[in-house]
Amino acid sequence: MDLGIVLLTTHRLIWRDQKNHECCISIPLSQVIFFEEQAAGIGKSAKIVIHLHPNPSNKEPGPYQHSKFSHIKLSFKEHGQIEFYRRLTEEMTQKRWENTPASEPMPTATGSKTGRTRAVGIVGIERKLEEKRKETDKSISEAFEDLSKLMVKAKEMVELSRSIANKIKDKQGDITEDETIRFKSYLLSMGIANPVTRETHGSGTHYHMQLAKQLGDMLQAPLEERGGMMALTEVYCLVNRARGMELLSPEDLVNACKMFESLKLPLRLRVFDSGVMVVQLQSHSEEEMIASALDNVSDKGSLTAEEFAKLLGLSVLLSKERLLLAEKMGHLCRDDSVEGLRFYPNLF
Amino acid sequence: MRRGVGAGAIAKKKLAEAKYKERGTVLAEDQIAQMSKQLETFKTHLEEFASKHKQEIRKSSQFRVQFQEMCATIGVDPLASGKGFWSEMLGVGDFYYELGVQIIEVCLALKHRNGGLITLDELHHRVLKGRGKYAQDVSQDDLVRAIKKLKAMGNGFGMIPVGGSYLVQSVPAELNMDHTVVLQLAEKKGYVTISEIKDSLNWERERASHVVDHLLKEGLAWLDSQAEGEPQYWLPALFSEIASRDVTPEEANQMTP
């Protein structure tokens, strides 16, 4: 029994052996006459049967020149059949292969193969087709044509910015601070990564500075309510839900938060050992947090992150970080079992 | 760096400029001025494009894929900042950033049940449900791109390839290759046993135990010690929706020994 993955593109049906990735069968959708579902039964999995045209005379050479069967069966051992059937119907209705040229002809094969399949995203294949499509720019829909033209201009901007960045690196010419800031904002507008930056304090653009100040105001109350600390993802949701539109990107938020210190705002961005990023109030000192953790744990004898979270009304994630911090400072010790991670006062 | 002032500095500068011009090299500051102009022009083109095709971006996940791929090819990240042109004029930003919010919220809501691991399918399903009937359609590609952006905020957002699709991780639990491969093994049935791990992967019992213990501790797996034969380690993230029901955190605690 051959196990594999079946992929559907706008032009083809491709089956690839799960074990041997070199083994690949591709069938142009134009060869499909019709297809049908076969319901699952006892001892039988759901299938889709695809009936194909006989070989065209101009068929490219491939592993099989012809087969005695005129159909293939895809057997869906677990699930995915419904979604795949739906997508196949969509592609067969739209017949997009008639409008958009495919890449160079691929060897095709017919044959009957059954295998365990599951519908998978089509992004990888689309990517290859798209690149070829850009080159063979024939009768694409207007939107794509306009998009391509736009991208050509964007690319010029990218190249120009690279040239500038190189010059800055090599210190050719005299760049003022003003010009550097302007350049950074151009990069921001275009979405070009800044190749010159070595900053740990964010992007340094005015936009992010403004943002940092706004956040400083906006987050005071929420932080107080939550014991002085919020996970960055929490902040992201809070801020964007409040904005409704012209939302912040995750990177915008991070870049703004990185500027808290240099702008002397009463907030700090902090990264725990685990990689969790939080915004915390300057006023909530480390010692206070650790002391409070120790108090709570001593009071109850021992605590898990979940119990601590309930006690303080905090998220489990942040409660855990506090307990870990107290442990790191030597005030708590752990008992790590499959029942969970429990913290005790460190009596050593 | 500040431009030098004073007659001597000016003379030096003129000399340097002349040297550059001789060699045909353009000065960086001239290029920055040039970029400023080109940017204005580009902005105009983008506005034109937006006026004709803005709807396309919001309506068609296909178009979004093409758009993203093209941007990636030329070295541009349209989602880097909400202040970017792409975001401001085409509205691509808001689409993905809002999706990011929805993804975070779904993952948070289900964390007590699945420990912070969810299949891309289930995430997709729940996000669509949350968006309501009249919201735009969102594809799995859209989710993947939004998740990639969320990574910038720490907190362990990541994707693990499993069974032809992905598991989306939303907690900072450390999952190395051993854990990942056991997850992939468990994908078929939603659970795995120590024997299966030993047989399929050719591991020692201790290595297999170590991995499942870690998954239990992180809340990603539940132990069914009363299963026939040997104990089974179930992954709630892999339960098909039909076969599962929501449990409260208390129930969840009771299900582990």
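Glu246(A) is exposed, at a relative accessible area of 59% (exposed means over 50%, buried under 20%, partly exposed in between, with a 1.4 Å probe and protein chains only). This is a predicted model, in which local features need pLDDT of at least 70, side-chain atom pairs count only at pLDDT 80 or more, and totals for chains, interfaces and linings use all residues; side-chain values use heavy atoms, with hydrogens and water left out. Residues are numbered from 1 along each chain as its sequence is written, while chains are lettered from A and ligands numbered from 1 in the order in which they are written. The model scores ipTM 0.81 and pTM 0.68.

**Loop residues of chain A**

- Glu246(A) sits in the loop between helix H6 (232–243) and helix H7 (250–257) of chain A (helices, H or I with at least four residues, and strands, E with at least two, are DSSP runs numbered from the N terminus).
- The phi of Glu246(A) is near 50°, a positive value in a residue other than glycine.
- Lys264(A) lies in the loop between H7 and S9 of chain A.
- Its phi is near 60°, which is positive in a residue other than glycine.
- Lys264(A) counts as exposed because its relative accessibility is 73%.
- Ser302(A) belongs to the loop between helix H8 (286–300) and strand S11 (303–304) of chain A.
- Ser302(A) is buried, because its relative accessible area is 12%.
- Leaving aside residues up to four places away in sequence, Ser302(A) touches Val297(A), Glu307(A), Arg342(A), Phe343(A) and Tyr344(A) (contact means heavy atoms within 4.5 Å).

**A sheet in chain A**

- Three strands form an open, antiparallel sheet in the order S8-S10-S9 (chain A) (two strands pair if DSSP finds at least two bridges between them).
- Strand S8 (229–231) and strand S9 (267–271) of chain A are the edges, each pairing on one side only.
- From one strand to the next, the twist averages 25°.
- S8(A) and strand S10 (residues 277–281) of chain A run antiparallel, joined by three bridges.
- Met230(A) has Val279(A) in S10(A) as its bridge partner.

**Chain B overall**

- Chain B has a mean pLDDT of 85, with 88% of its residues at 70 or more (pLDDT is the predictor's confidence in each residue, from 0 to 100).
- Chain B holds eleven helices and six strands.
- Of its 257 residues, 50% count as buried.
- Among contacts in chain B with a separation of 6 or more, 54% come from residues 24 or more positions apart.

**Helix packing in chain B**

- Helix H6 (residues 120–131) and helix H7 (residues 140–150) of chain B pack at about 100°, with axes 10 Å apart (axes are lines fitted to C-alpha atoms, for helices over the stretch in contact, and angles run from 0 to 180 degrees between N-to-C directions).
- H6(B) is therefore roughly perpendicular to H7(B) (65 to 115 degrees; under 35 is roughly parallel, over 145 roughly antiparallel and the rest oblique).
- H6(B) contributes Leu120(B), Asp121(B), Leu123(B), His124(B) and Val127(B) to the contact, and H7(B) contributes Gln140(B), Leu143(B), Val144(B) and Ile147(B).
- By class, that contact of H6(B) with H7(B) has six nonpolar, two polar and one charged residues (Ala, Val, Leu, Ile, Met, Phe, Trp, Tyr, Cys and Pro count as nonpolar, Asp, Glu, Lys and Arg as charged, and the others, Gly among them, as polar).
- Helix H8 (residues 177–186) and helix H10 (residues 205–217) of chain B pack at about 85°, with axes 10 Å apart.
- H8(B) is therefore roughly perpendicular to H10(B).
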